[in-house]
Amino acid sequence: MANADQNKTGIDVRMDSLKALPFDKVAVHDERLKRQEGDNRAYLMELTTRNLLYNYELEAAITHDANIPGDIHGGWESPTCQLRGHFLGHWLSAAAMHYAATGDRELKAKADVIVDRLAKCQEANGGSWVASIPEKYLYRIARGREIWAPHYTIHKTFMGLVDMYRYAGNETALSVADHFADWFYDWSSRFDRDQMDDILDFETGGMLEIWVQLYDITRDDKYKKLMERYYRQRLFTPLLHGEDPLTNMHANTTIPEVIAAAEAYNVTGEQRYKDIVTAYWDSAVTERGTLATGGQTNGEIWGPKKALSARLGLKTQEHCTVYNMMRLADHLFRWTGEAKYMDYIERNLYNGVLAQTYWHWEHTNGYSPDSPDFGLIAYFLPMRAGARKGWGSKFNDFFCCHGSMVQANASLNRYMYYQADSDLYVTMYFDSDASFTVGGKNVTIRQRRDPLTGSFHLSSTSSGKQLVNRTAAQYPHNPDTLCVYLQIETESPVECTINVRIPEWIKEPATVAYNGGQIAAVEEGGCFVEIREEFHDGDVICITMKMGIRACPLPDDENMVAFMYGPEVLAGLCDEERMLYAEGDAPERILVHENEREWGNWKSDFKTAGQPAGIHFIPLNRVGYENYCVYFPIKK
């Protein structure tokens, strides 16, 4: 991968970079991801157009009610909340991404109607303003008076409109956004730098990112001026000076601002923007450390560097930070090609997005749950011993993470495949198909996991047919192995390089085979294996990766340990902290398989061994309403 070079003007320009495959070039077949996508699509359709638009049409005086309707959205979408209307932008963005991935015309039709009605709101407001809140909110923060994050709320509207144009081709959405930007161009022109910096101290969300995206689309100089005015100097300058502006500061205020810097680097090539992003990552992740899940924060703030043992509360790992830090890691991966960013995304996907959204109880014959069998969105992922996830409702909460939830689950085919000219990257391991064009030739990679079960008898209601085969006896117990096949389909031989990621979690050397012959054995993960060949139709690459229990201590307490199985964090089902006893320096031996197989499926269920009292462990993303512990004190 080529690094950035400087041109004669001194501007840092990326000469060659990785690009994620477009949404419509990746088809996901993994059952878990497809279920999440289906739940998300159903929720997007369940929310009525009337209720989604209510605050916008109320602000534009298009509608009025003597009494607030009983079914109107509550929580942060209530007409009495200063953040009212923020969710619609997330909804539009999610609908646009879902349409781009699936071609879902029914969802697009609903989104198009919403955009048309926003255009009517803009017309009723005089031709520019189209927010769900009044202009006076911005005038109030300009005078230093407290209002709950008007820029944050307005950014969501812009985001939805821009994404409807970028992913769904809606020209009206671009027009509405462009005219809306005129209001901000005129309003912000009256402030000097110090005054604007004071305004930006109120949470701005991704406003800078919007100006960058609209500049990239239109090349209108007004957006370059808006980019200058919304440059978050009081955050960016200390980052560039190597200082720590993050400890005990609100995390998701700054992450979108730094994502905007990443976008600005992509569009302008200015080195300062790239330096801001790398400095932020170093401060937020590399130097600060993370939980075993890959997440961080408690009460929405960054913890001290390498000091998380005093931050295991009920409000750890806000879902919005998970989603946005994954987006930031994606930028860094596309600039560097380094596998560590994909390892980070994988952890947060399994132990953030899949652990905090659209949970379903695993139905068992003859049993019924004592609590609800569905969870929509967990704003936080508690790390306090014996805690439970708190699930938000469909219509009466609408906190920020409702928004990142619908976006995260509308783009589950993101982060899987990338391309840089004739270099193809396979970065995530889920059943899927990816379509590339290399040298004018069409290439498809069909990725499938081999479950190594020797049986497709998946449930008590599936076919009773049994195929006698060697695999069933070859693996009498859970092989603790992720085995992935990549089959190449091409219309004619094509020379290219396929790079396959070896995750950081492998327990034994991973092997890579090409058409049955081993070509690589990798002892340590966190890297890519490069396969440069003239590929023919039907060629097969096989990656075999050994999983197992790993003990993951807190950055500041080696005796406070979480357990992982491959990329998944395991949760112990108990309602209070338990001391675990380890022999020697191998706490991973505390857990052993339990209920290792059901029908044709290997299970990820474990139990403690050699302890005063037994504890059941399951992946954190399978926990619903149970009390659980992630971190356990270990006595050696």
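Guide: Here is a chat about helix contacts, salt bridges and strand pairing.

Visitor: Before that, what should I know about the model?

Guide: This is a predicted model: local features need pLDDT of at least 70, side-chain atom pairs count only at pLDDT 80 or more, and totals for chains, interfaces and linings use all residues. Residues are numbered from 1 along each chain as its sequence is written, and side-chain values use heavy atoms, with hydrogens and water left out.

Visitor: Thanks. At what angle do α6 and α7 pack?

Guide: Helix α6 (residues 150-168) and helix α7 (residues 171-188) pack at about 145°, and their axes are 7 Å apart. Helices here are DSSP runs of H or I with at least four residues, strands are E runs of at least two, and both are numbered from the N terminus. Axes are lines fitted to C-alpha atoms, for helices over the stretch in contact, and angles run from 0 to 180 degrees between N-to-C directions.

Visitor: Is the crossing left-handed or right-handed?

Guide: The crossing of α6 and α7 is left-handed, a term used if the near helix is turned anticlockwise from the far one by less than a right angle.

Visitor: And which residues make the contact?

Guide: From α6, they include His151, Ile154, Phe158 and Leu161. From α7, Phe180, Phe184 and Trp187 are among them. Contact means heavy atoms within 4.5 Å. The residues of this contact divide into 14 nonpolar, one polar and one charged. In that count, Ala, Val, Leu, Ile, Met, Phe, Trp, Tyr, Cys and Pro are nonpolar, Asp, Glu, Lys and Arg are charged, and the others, Gly among them, are polar.

Visitor: Switching to charges: how many salt bridges does the structure hold?

Guide: It holds 35 salt bridges, each being a side-chain nitrogen of Lys or Arg within 4 Å of a carboxyl oxygen of Asp or Glu. One of them joins Asp182 and Lys222, at 2.5 Å from N to O. Asp182 lies in helix α7 and Lys222 in helix α10 (residues 221-229), so this pair ties together parts that are 40 residues apart in sequence.

Visitor: Is Lys222 buried or exposed?

Guide: Lys222 is buried, at a relative accessible area of 10%, while Asp182 is partly exposed at 29%. Buried means under 20% relative accessible area, exposed over 50%, and partly exposed in between, with a 1.4 Å probe and protein chains only.

Visitor: What does Glu346 form a salt bridge with?

Guide: Its partner is Arg501, with the closest N and O atoms 3.0 Å apart. Glu346 belongs to helix α15 (residues 339-356) and Arg501 to strand β12 (residues 494-502), so the pair ties together parts that are 155 residues apart in sequence. Glu346 is buried at 4% relative accessibility, and Arg501 is buried at 0%.

Visitor: Which residues are linked in a network of salt bridges?

Guide: Asp198, Asp201, Arg232, Arg234 and Glu257 are.

Visitor: Now the strands. What is the order of the open sheet of seven strands?

Guide: The order is β4-β9-β10-β11-β16-β13-β14, with antiparallel pairing. Two strands pair if DSSP finds at least two bridges between them. β4 (26-28) and β14 (517-522) stand at the edges with a single partner strand each, so one side of each is left without a neighbour in the sheet. From one strand to the next, the twist averages 15°.

Visitor: How many bridges does β14 have with β13?

Guide: Five, in the antiparallel sense, and Ala513 has Gln518 of β14 as its bridge partner.

Visitor: What about β18, which strands does it pair with?

Guide: Strand β18 (residues 557-565) pairs antiparallel with strand β17 (residues 549-554) over six bridges, and a hairpin of two residues joins β17 to β18. Three bridges join β18 to strand β19 (residues 568-572), also antiparallel. In the hairpin of β18 and β19, Gly566 takes a positive phi near 60°. Two bridges join β18 to strand β26 (residues 632-635), again antiparallel, and Val561 is paired there with Phe632.

Visitor: Last one: how many residues of α2 are buried?

Guide: Eight of the eleven residues in helix α2 (residues 49-59) are buried, among them Leu52, Leu53 and Tyr54. What covers the buried residues includes α3 (86-102), α4 (105-124) and α6.
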